[in-house]
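Grab a pencil and work through these exercises with the model open beside you. Try each task before you read its solution.

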Amino acid sequence: MESQSLFVGARQNLDLALKHIAISEDAIEHLKHPKASLQVSIPVRMDDGSLQVFQGYRVRYDDTRGPAKGGVRYHPQVSLDEVTSLAFWMTFKCAVLDLPFGGGKGGITVNPKQLSRLELERLTRGYIDAIADFIGPDVDILAPDVYTNATIMGWMMDRYNIIQRKSCPAVVTGKPIALGGSAGRETATAMGAFFVMQTILPKFDRPPAETTVAIQGFGNAGSFLAEQIYRAGYRVVAVSDSKGGIYAPAGLDIPAIRQNKEAGRGMEALYCHGTVCNMADHQLITNEALLELPVDVLIPAALENQITPENADQIQAKLIFEVANGPITFEADRLLNQKGIYVLPDILTNAGGVTVSYFEWVQNRSGLYWSAAEVEQRLAERMTRETERIWQLAQSLDLSLRTAAYVHALDRLRAAIEVKGTRDYYAQAKA
């Protein structure tokens, strides 16, 4: 599906939510358009002496409630349309969690796996050179996303500091702790999703030991969440990465799989090599097949548009927690809702990352730093509170959880936009 369709789908979710909230025409018009979009060319001298030019993007979708906030992804499919969609979602995600931020997003069209570390650093610093006037601690704050990490964030902050000729740690979150990063940031997305699950699953009277889970995507968020779920007693029966996955109805040994994956041996190595092959009955499966397994809980934690009208009818899970951004298309979401499948939307489920990024930004600006336990406690309180509010809103208005989340966010965005003045306000002044 084209990336343009991603933004169309995002806008459709907004249109659906607008039917359930009183909001001015001014606010509606304001939220339908990104505030600012930047596309840049980034020349990079490669290790072999050749010159390559990469395309980079940064979008500030809205900053009514505060400076824009959002990650930077390095991926071959990055485009302006995709970045705009992600910035749109970030606008609502920050409002859902009541963070004093608007939505932003950035990216570079590149396969980072094909670059050396030196080339990756030159590309990263070149990106900051190109967008330095577009970002800042009070304007637009960067963070890690797909195929970016703490080291890359550290390079970004360092380059921005050099350009500004002063220390500006709050321009980037997700940095190494040694450079002003926050404890708990690396695992924040997974922990936030875990707290959402811990809030929702008891409402369905499913004991952990009797609840089966499949996770598509075994990157930083997916793998850590899998281990948290495993240690909480849930039966994780399938996991996958970009190369495929494994399925064991009796359950998988997630800590061992993580260890093998991080050692570079891949997930299947645990079951396919050596004497541990006989630890569990298992089979290799594709990412597509994982989505259709007969499980209680499905967690898409990879990329966008994984569940579409073409495979929605085959989804058997009772609950879906969107750890990835936009893993379900708009039409597929409607089909899942008709089937009675509960979908915990991305703008809530994966908001732990931006929430702890907010904590990092606060710590950078105050110079006071919190322990990992304090960060986790603050994250748990905020994720649980907003999840309960969205659940109650969905129940009281008979809405899907996605629409309820958008209505919840819209109410906060509406208040911030309308307090600046609307047509009705100025019409009354004339009267």
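Let's start with a term: buried means under 20% relative accessible area, exposed means over 50%, and partly exposed is in between (1.4 Å probe, protein chains only). This is a predicted model, where local features need pLDDT of at least 70, side-chain atom pairs count only at pLDDT 80 or more, and totals for chains, interfaces and linings use all residues. Residues are numbered from 1 along each chain as its sequence is written, and side-chain values use heavy atoms, with hydrogens and water left out.

**Exercise 1. Find N305 and work out whether N305 counts as buried or exposed.**

Step 1: Locate the residue. N305 sits in the loop between β10 (297-300) and β11 (319-321). Helices (H or I, at least four residues) and strands (E, at least two) are DSSP runs, numbered from the N terminus.

Step 2: Apply the cut-off. N305 has 19% relative accessibility, so N305 counts as buried.

Step 3: Check the backbone. Most residues other than glycine have a negative phi. N305 isn't a glycine, yet its phi is positive, near 55 degrees.

Step 4: Y147 is not a glycine either, and its phi is about 60 degrees. You'll find Y147 in the loop between β5 (140-144) and α5 (150-164). With 39% relative accessibility, Y147 counts as partly exposed.

**Exercise 2. Which residues does Q306 touch, leaving out those up to four places away in sequence?**

Step 1: Q306 is in the loop between β10 and β11, and its 24% relative accessibility makes Q306 partly exposed.

Step 2: List the contacts (heavy atoms within 4.5 Å). Q306 touches Q216, L291, N311 and P327.

Step 3: Look for a polar contact, which is a pair of N or O atoms within 3.5 Å; within protein, one must be able to donate a hydrogen and the other to accept it, and residues adjacent in sequence count only if both atoms are side-chain atoms. The side chains of Q306 and Q216 make one, at 3.0 Å.

Step 4: Compare chain and space. Q306 and L368 are 62 residues apart along the chain, and 41 Å separates their C-alpha atoms.

**Exercise 3. Where is V236, and what does V236 contact beyond four places in sequence?**

Step 1: V236 belongs to strand β7 (residues 235-241).

Step 2: Its relative accessibility is 1%, so V236 is buried.

Step 3: Past the sequence neighbours within four places, V236 is in contact with V213, A226, I229, Y230, G251, L252 and I254.

Step 4: Now try T212, in strand β6 (residues 212-216). T212 is buried too, at 10% relative accessibility. Not counting residues up to four places away, T212 touches R235, V237, P294, V295, D296 and V297.

**Exercise 4. How do helix α7 (residues 220-231) and helix α8 (residues 254-262) pack?**

Step 1: Get the geometry. Axes are lines fitted to C-alpha atoms, for helices over the stretch in contact, and angles run from 0 to 180 degrees between N-to-C directions. The axes of α7 and α8 are 9 Å apart, at an angle of about 160 degrees.

Step 2: Name the arrangement. Under 35 degrees is roughly parallel, over 145 roughly antiparallel, 65 to 115 roughly perpendicular, and the rest oblique. The angle therefore makes α7 roughly antiparallel to α8.

Step 3: Find who takes part. From α7 come S223, F224, A226, E227, Y230 and R231, and from α8 come I254, P255 and R258.

Step 4: Sort by class. Ala, Val, Leu, Ile, Met, Phe, Trp, Tyr, Cys and Pro count as nonpolar, Asp, Glu, Lys and Arg as charged, and the others, Gly among them, as polar. The contact of α7 with α8 has 5 nonpolar, 1 polar and 3 charged residues.

**Exercise 5. At roughly what angle do helix α3 (residues 80-96) and helix α15 (residues 401-418) cross?**

Step 1: Their axes come within 8 Å and cross at roughly 80 degrees.

Step 2: That angle makes α3 roughly perpendicular to α15.

Step 3: The contact is made by F88, W89, T91, F92, A95 and V96 of α3 with A405, Y406, H408, A409, L410, R412 and L413 of α15.

Step 4: Sorted by class, that gives 10 nonpolar, 2 polar and 1 charged residues.
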